[in-house]
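Visitor: I would like to learn how to read a structure like this one. Where do we start?

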Amino acid sequence: LHRVPEEAIRAYLGTRSDDDPALFLSQRRRRINWRSVEAMLDRYTKQLQLGKRVTPHCLRHTFATALLRQCKDLQIVQRALG
């Protein structure tokens with residue numbers, strides 16, 4: 001990770017009192033699922049009036065494409081995507 005998001009994640013984890021290994025939890029301290037992420041994306045893209053639907057898969061594809069353009073190494077992209 002880049003230093004800035006790493007620091008933000010560490011700060012966020014420092015505010016948590018649970019021992020759940022999931023990085024992101026709902027306000028009720030439960031793991032969020034892909035439907036929750038999709039609903040959040042729908043809400044925020046409507047607020048931004050982007051005029052098109054953004055899905056978790058779309059973000060994953062955009063990330064992979066940008067990383068491949070930057071590093072030119074498919075194996076790095078494969079590892080990053082799991």
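Predicted model: local features only at pLDDT ≥ 70, side-chain atom pairs only at ≥ 80, totals over all residues.

Visitor: In which helix is L74 found?

Guide: L74 belongs to helix α4, which covers residues 74-81. From L74 to R10 the separation is 64 residues in sequence and 28 Å in space, taken C-alpha to C-alpha.

Visitor: How do I read a helix such as α2?

Guide: An α-helix has 3.6 residues a turn, so residues three or four places apart point the same way. Helix α2 runs over residues 34-48, 15 residues in total. Its first and last C-alpha atoms are 21 Å apart, close to the 21 Å expected at 1.5 Å a residue.

Visitor: Which residues of α2 are buried?

Guide: They are E38, L41 and T45. These residues lie on the same side of α2 because they cover an arc of only 60° around the axis. The buried residues of α2 pack against α3 (56-71). R35, K46 and Q47, on the other side of α2, are exposed.

Visitor: And how do I read a pocket?

Guide: Rolling a probe the size of a water molecule over the atoms shows where empty space is left. Here the largest pocket holds about 150 Å³ of space.

Visitor: Which residues line the largest pocket?

Guide: The lining consists of L23, F24, I32, V37, L41 and L59. By class, that makes six nonpolar residues, with no polar and no charged ones.

Conventions: Residues numbered from 1 in each chain as written. Heavy atoms only, no water. 1 Å grid on protein atoms, 1.4 Å probe; cavity = no way out; pocket = protein on both sides within 12 Å on 5 of 7 lines; lining within 4 Å. Points joined across faces, edges and corners; volume = space filled by probe spheres on them. Nonpolar A, V, L, I, M, F, W, Y, C, P; charged D, E, K, R; others polar. Helix = DSSP H or I, 4+ residues; strand = E, 2+ residues; numbered from the N terminus. Expected span 1.5 Å × (residues − 1). Buried < 20%, exposed > 50% of the residue type's maximum accessible area, 1.4 Å probe, protein only. Arc of directions from axis to C-beta. Contact = heavy atoms within 4.5 Å.
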